[in-house]
Structure formats: structure tokens, C-alpha cells
Amino acid sequence: MVRHRGFNGQRPNFGARHDRFEKDNNTTNTEVAGKARCHLLAAERSRANPRPSREVRFPAVIVAALLLIVLSEGIPPLSAREKDTAQYGEGLIVNVPFPETEVSQAVEDVVQNGIIRGSKEYNKDEYITGAKALTSSRAFPAWTDGGKVFYKVRTNALDPRNFKNGGDVGTLTVRYVVQAQGDASTVLRIDAVFVELFRKTAHPSNGTVESSEYKDIHDHLEAMALMKKQTAEAEKEKAQQFAKNQRVATASATTAAAIPQPAAVPEPLTDRTRHPQASAGSPQTLEQHLQDLRRQVERVVKAPGAPLKSAPFHTASTLASLKQGTEILIVISTPYWYGVETHDGQHGWIARDQLEQVP
């Protein structure tokens with residue numbers, strides 16, 4: 001018998017090895033089958049209760065976010081909607097630092113000008129013309145809180161701007177209420193409304209008409225205050241100049257009385273003949289000076305006459321109608337207007353091109 005190196009003479013038990021392999025193999029197959037059953041049960045539970053995958057959930061979040069952004073941009077905030085709604089029908093109330101008489105005069109000037117600012121008809125002009133001054137209007141309830149009330153009304157207005165849901169043809173009415181608050185302060189209230197002619201629907205203003213009309217009134221008040229100030233300064237300067245002339249005349253008279261005068265000497269006849277105008281030279285020079293002053297401060301009204309305005313505006317109310325040749329005194333000079341004083345002491349404004357030099 002041949003023995004190989006490493007052979008101990010015992011024959012290997014292949015049967016035992018086969019038994020162990022079968023045992024191990026059976027154990028492995030059992031574990032694999034168990035794991036397979038677990039996977040199958042898990043798959044069945046997944047089909048019974050499906051879970052959203054990450055790929056499906058992530059796009060849904062993005063779509064929801066985009067939808068929220070679009071909705072938030074398309075719908076204005078609640079505060080903005082409330083603000084836009086509150087703008088209509090509030091009108092304008094302002095405390096003006098002018099006495100009631102001056103505010104009433106300025107309001108009357110604006111009411112009489114026939115213009116409603118802050119609106120326009122169907123995009124035609126920058127403002128509405130053809131308005132009339134009235135003492136009452138059905139567009140507003142009767143005013144019972146005191147003060148002076150003015151109305152400016154434009155009938156047959158075609159779709160005026162800056163009125164809520166306004167349209168069609170109707171009547172545009174502006175109401176002005178002037179209430180005194182002491183001697184140097186006045187409360188001014190302005191409201192505007194548009195009423196359709198056929199449906200009788202009232203459309204409140206968004207405040208543009210009220211603020212524009214107040215600006216026109218404020219400009220009139222400023223012009224009146226400027227004229228009043230410059231008139232006072234001119235009167236003060238005139239009084240100072242008069243007092244100065246009086247002092248000079250008094251001093252000259254006192255000096256002349258204190259100096260002894262020489263005896264009168266008969267003037268030779270030949271000297272009188274030779275210098276006939278020698279003694280008249282000084283009075284003639286004074287007269288020329290007075291004429292120069294008159295040319296500077298005096299004017300006469302041209303033909304066919306001119307209106308005396310309450311403010312330097314063509315739309316201001318007319319205080320008086322001056323006839324041709326009426327002499328006036330210039331108090332204030334502007335590029336286009338003269339602030340003047342008449343012989344009866346009335347003050348007003350006249351356009352420069354309606355006056356001419358004293359002949």
C-alpha cells in the first residue's frame with residue numbers, strides 16, 4: 001500500500017462531511033426562506049398602506065408654495081383694501097391761519113371762477129369748466145352747523161375723473177363750509193360728489209378735487225396777504241416820507257426867521273428885462289420833479305375800462321369796474337399785475353396791459 005505524505009492511514013469520513021453540509025444547507029435555506037417571506041409581507045403591507053415617496057412629496061410642496069406666492073401677489077393686503085375704500089367720501093377739513101373774512105373772500109373768488117380742479121371730463125381737459133356758483137344744492141344734506149356755505153355746480157358733466165365708480169352724465173357739486181375759529185383762524189371744509197343724471201347714484205370723490213380746490217384757495221390767500229403786507233409797507237414809507245418833509249420844512253422856516261433880512265433894494269429895470277425868468281427857475285424845477293414822480297406811481301385806465309380784481313388772477317372776483325381814464329396809484333408792481341389804490345381808497349389788482357401812463 002502506498003502512503004502519501006501527510007496521510008495518517010485513516011480514511012476520511014466523507015459521509016459525515018456530507019451530513020454537515022446538508023445540515024448547514026438546510027439551515028441556510030430556512031433563513032433565506034424566512035427572509036423572503038418577510039420581504040413579501042413587507043411588500044404586501046406597502047401595497048395595502050402606500051407611503052408617498054420623496055419624489056412625489058417634494059414637487060407638491062413647491063407647487064403649493066408657488067400657488068401661495070401667486071395668490072398673495074394677486075390679492076392686495078387687507079390694510080391696503082381698507083385704505084383704498086376709506087379714501088372715498090372723506091372730504092377735506094383744514095384749519096387755515098387766516099381770519100374768517102379773508103377766507104370767505106378767497107373761497108368766493110374760487111367759487112366764482114367757474115373751474116373745478118382735480119377732475120376732468122372723459123380725459124378731455126386738465127380741469128372742468130362751466131361751473132356756476134349757487135347758494136344751495138340737493139347733492140348734500142342741508143348744512144346746520146353754522147358758518148358760511150358756498151356751492152360750485154357743474155351740470156351735464158361727462159364721466160368726470162376721480163369719483164368712485166363714476167360714469168355716464170351727471171352733476172358735479174363742490175361744497176365749501178367756512179367757520180370762524182377766533183380772530184385769526186378759520187376752519188375750512190370742502191366736499192365733492194358726482195350724481196348721475198338718470199340713475200341718481202351718488203359717487204364720492206377720492207379727495208383729489210378737494211385738495212386741488214384748497215390749493216387754489218390757499219394761493220388766493222397768499223396773494224391777498226402779500227398785497228396787504230406790501231400796502232402796509234407802502235403806507236408806512238409814505239408816512240415816514242411825509243414826516244421827513246414836514247421836519248425839513250419846519251427847520252427851513254425856523255432858519256429863515258432867525259436870519260435878519262437885508263433891506264429891499266429896488267431892482268434895476270434893465271436886470272428885469274435881461275432876466276425875465278430868473279426868479280421862476282426854482283418853481284419850474286420842482287414842478288418837473290413832481291411830474292416825474294407822477295409818471296412813476298400813477299396810471300390811467302385804458303379804453304374801454306378795466307376790472308379791479310381782488311387778487312392777481314383773471315379768475316378772481318371783480319371788486320369794481322373802472323372806466324376809461326380813471327387815475328390810480330401803483331402800490332405793488334409784479335411782472336403782469338399792478339396792486340393799485342383808487343382815489344376813494346379801494347385796493348385791488350389790475351393787469352399791467354390795461355393801464356397806461358398819465359398824459
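Select strands β5 (148-158) and β6 (169-180): they pair in the antiparallel sense over nine bridges. Strands here are DSSP runs of E with at least two residues, helices are runs of H or I with at least four, and both are numbered from the N terminus; two strands pair if DSSP finds at least two bridges between them. Within this pairing, tyrosine 151 has arginine 175 in β6 as its bridge partner. The model is predicted, so local features need pLDDT of at least 70 and side-chain atom pairs count only at pLDDT 80 or more, while totals for chains, interfaces and linings use all residues. Residues are numbered from 1 along each chain as its sequence is written, and side-chain values use heavy atoms, with hydrogens and water left out.

Alanine 133 stands opposite lysine 152 of β5.

Keep lysine 152 selected and display glutamate 213. These two form a salt bridge, with the closest N and O atoms 2.8 Å apart; the term denotes a side-chain nitrogen of Lys or Arg within 4 Å of a carboxyl oxygen of Asp or Glu. Glutamate 213 belongs to helix α5 and lysine 152 to strand β5, so the pair ties together parts 61 residues apart in sequence. Both residues are buried, where buried means under 20% relative accessible area, exposed over 50% and partly exposed in between, for a 1.4 Å probe and protein chains only.

The structure holds nine salt bridges. Another one to select joins arginine 154 and glutamate 121 (2.8 Å, N to O). It links arginine 154 in β5 to glutamate 121 in the loop between β2 (115-116) and β3 (128-129), 33 residues apart. Arginine 154 is buried at 13% relative accessible area, and glutamate 121 is buried at 10%.

Move to asparagine 156, in strand β5. This residue has a positive phi of about 55° although it is not a glycine, and at 52% relative accessibility it counts as exposed. Aspartate 159, in the loop between β5 and β6, likewise has a positive phi, of about 45°, but is buried at 14%. Most residues other than glycine have a negative phi, and most peptide bonds are trans. The side chain of aspartate 159 meets that of arginine 161 in a salt bridge (2.2 Å, N to O); arginine 161 is partly exposed at 26%.

Now select helix α4 (residues 100-112), which has 13 residues and reaches 18 Å from its first C-alpha to its last. Serine 104 lies in this helix and is buried, with a relative accessible area of 5%. Leaving aside neighbours within four places in sequence, serine 104 is in contact (heavy atoms within 4.5 Å) with Lys148, Phe150 and Val178. Just after α4, glycine 114 takes a positive phi of about 75°.

Which residues have the most contacts inside the largest nonpolar core? They are Val107, Leu172, Val174, Tyr176, Leu188 and Ile217, in a core of 27 residues. Such a core is a set of buried Ala, Val, Leu, Ile, Met, Phe, Trp, Tyr and Cys residues joined through side-chain atoms within 4.5 Å. Apart from it lies another core of ten residues, including Leu308 and Val340.

Finally, select proline 304, in the loop between β9 (298-301) and β10 (306-309). The peptide bond from alanine 303 to proline 304 is cis, with omega near 5°.

Methods
The expected span of a helix is 1.5 Å times one less than its number of residues.
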